[in-house]
Amino acid sequence: MRIKAEKRPNHYVCLSEQRSPHAGRLPESDVSRADGSVPVFVARGLTKIYGSGDAQVVALKDVDLDIRQGEFIVLLGPSGSGKSTLLNILGGLDAPTSGTATWRDHDLTGASDEALTTYRREHVGFVFQFYNLIPSLTVEENVRLVAQIATDPMTPGEALDLVGLSHRADRFPSQLSGGEQQRVAVARAIVKRPDILLCDEPTGALDVDTGRLVLAAIAKVNEELSTTTAVITHNSAIAGMANRVLRLSGGRIVREEPNLRRIGAYDVEW
Ligand SMILES: Nc1ncnc2c1ncn2[C@@H]1O[C@H](COP(=O)(O)OP(=O)(O)O)[C@@H](O)[C@H]1O
Ligand SMILES: [Mg+2]
């Protein structure tokens, strides 16, 4: 089912309201809203341990998390707190040592490599700090490469339009600024109409103005396509854009805060 674009108000009910007994009785038409109560991701007791013996690192400790359809989540926390590990498990790139995670009816923790590959290909768009565009292909060709292996993609032109880069379609990555290259990476991540957009420090290498443009592109995708979105950042001001902010420390979610007054990308202070 393709979820139609839906404008949502800038204000959101707080978590306790979302979890009220009435929340479970939302009509079907409300299910795609960020203020609906349907969790699409459900993680329980996620623990990730790297290495063994003295070299053992506990990257995640007993993490429970629900993410609802269409939510915009921001993950904050110091370096090494487990943010990427958590995002990678949600994206089917990594498996926990113990615990369970599901996206709708997809088991992300006991699944075969093949099933995870299918899950990633059909449902997940990734954006990383470094753009990893193919330098010998034009912008349009970079985006088309992903569209070609997707089941119900938008056209590369539509994806580039969403990130405001239609006019750069015929350029090569080396002819673009860092921010433009990252927006191409966002277009490449969304051209397949992913259900989930996972962004690991997408503005980590960018200056203020280009960072805002990238964030605006991500927010637009979340808003217009109801794509469930998680963004890892070091910049706590970006948290203002979220529906909900998760703070990690030492492999745990130590705080979880609804954001009652969302700001736009252009209001983020660096
Ligand atoms: N592949 C790996 N092998 C060993 N240790 C790892 C690996 N990936 C991450 N870690 C460790 O797990 C912890 C959490 O890492 P990570 O999730 O990348 O944190 P963050 O994204 O918050 O900076 C860190 O101590 C990191 O060094
Ligand atoms: Mg990280």
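Among contacts in the chain between residues at least 6 apart in sequence, what percentage join residues at least 24 apart?

**View 1. The whole chain of this predicted model.** The answer to the opening question is 70%, taken among contacts between residues at least 6 apart in sequence. The chain contains seven helices and 10 strands, and buried residues account for 43% of its 270 residues.

**View 2. The residues around ligand 1.** The shell around this ligand is formed by Tyr-50, Gly-51, Val-57, Ala-59, Gly-77, Ser-79, Gly-80, Ser-81, Gly-82, Lys-83, Ser-84 and Thr-85. Two elements, strand E2 (57-68) and helix H2 (83-90), each give two or more residues to this shell, and the largest share, three residues, comes from H2. When the shell around ligand 1 is sorted by class, three residues are nonpolar, eight are polar and one is charged.

**View 3. Helix H2 and its buried residues.** The buried residues of this helix are Lys-83, Ser-84, Thr-85, Leu-86, Leu-87, Ile-89 and Leu-90. Because seven of the eight residues of H2 are buried, this helix is largely enclosed by the rest of the structure. Just after H2, the backbone reaches Gly-92, which takes a positive phi of about 70°.

**View 4. Helix H6 against helix H7.** Two packed helices are described by the angle between their axes and by the distance between those axes. Helix H6 (residues 178-190) and helix H7 (residues 208-225) pack at an angle of about 15°, and their axes lie 8 Å apart. Angles under 35 degrees count as roughly parallel, and H6 and H7 are therefore roughly parallel to each other. Their crossing is right-handed. On the H6 side, Gly-178, Gly-179, Gln-182, Arg-183, Val-186 and Ile-190 take part, and they meet Thr-210, Leu-213, Val-214, Ala-217, Ile-218 and Val-221 in H7. By class, this contact of H6 with H7 has seven nonpolar residues, four polar residues and one charged residue.

**View 5. Helix H4 against helix H6.** Helix H4 (residues 139-147) packs with H6 at an angle of about 25°, with the axes of the two helices 8 Å apart. That angle makes H4 roughly parallel to H6, and H4 passes H6 in a right-handed crossing. In this contact, Val-139, Asn-142, Val-143 and Val-146 of H4 meet Val-184, Ala-187 and Arg-188 of H6. The residues of the contact of H4 with H6 divide into five nonpolar, one polar and one charged.

Notes: Residues are numbered from 1 along each chain as its sequence is written. Chains are lettered from A and ligands numbered from 1 in the order in which they are written. This is a predicted model: local features need pLDDT of at least 70, side-chain atom pairs count only at pLDDT 80 or more; totals for chains, interfaces and linings use all residues. A residue is near a molecule or strand if its C-beta atom, placed from the backbone, lies within 6 Å of it. Helices (H or I, at least four residues) and strands (E, at least two) are DSSP runs, numbered from the N terminus. Ala, Val, Leu, Ile, Met, Phe, Trp, Tyr, Cys and Pro count as nonpolar, Asp, Glu, Lys and Arg as charged, and the others, Gly among them, as polar. Axes are lines fitted to C-alpha atoms, for helices over the stretch in contact, and angles run from 0 to 180 degrees between N-to-C directions. Angles under 35 degrees count as roughly parallel, over 145 as roughly antiparallel, 65 to 115 as roughly perpendicular and the rest as oblique. A crossing is left-handed if the near helix is turned anticlockwise from the far one by less than a right angle, and right-handed if clockwise. Two residues are in contact if their C-beta atoms, placed from the backbone, lie within 7 Å. A residue is buried if 20 or more other C-beta atoms lie within 10 Å of its own, exposed if 12 or fewer, and partly exposed in between; C-beta atoms are placed from the backbone.
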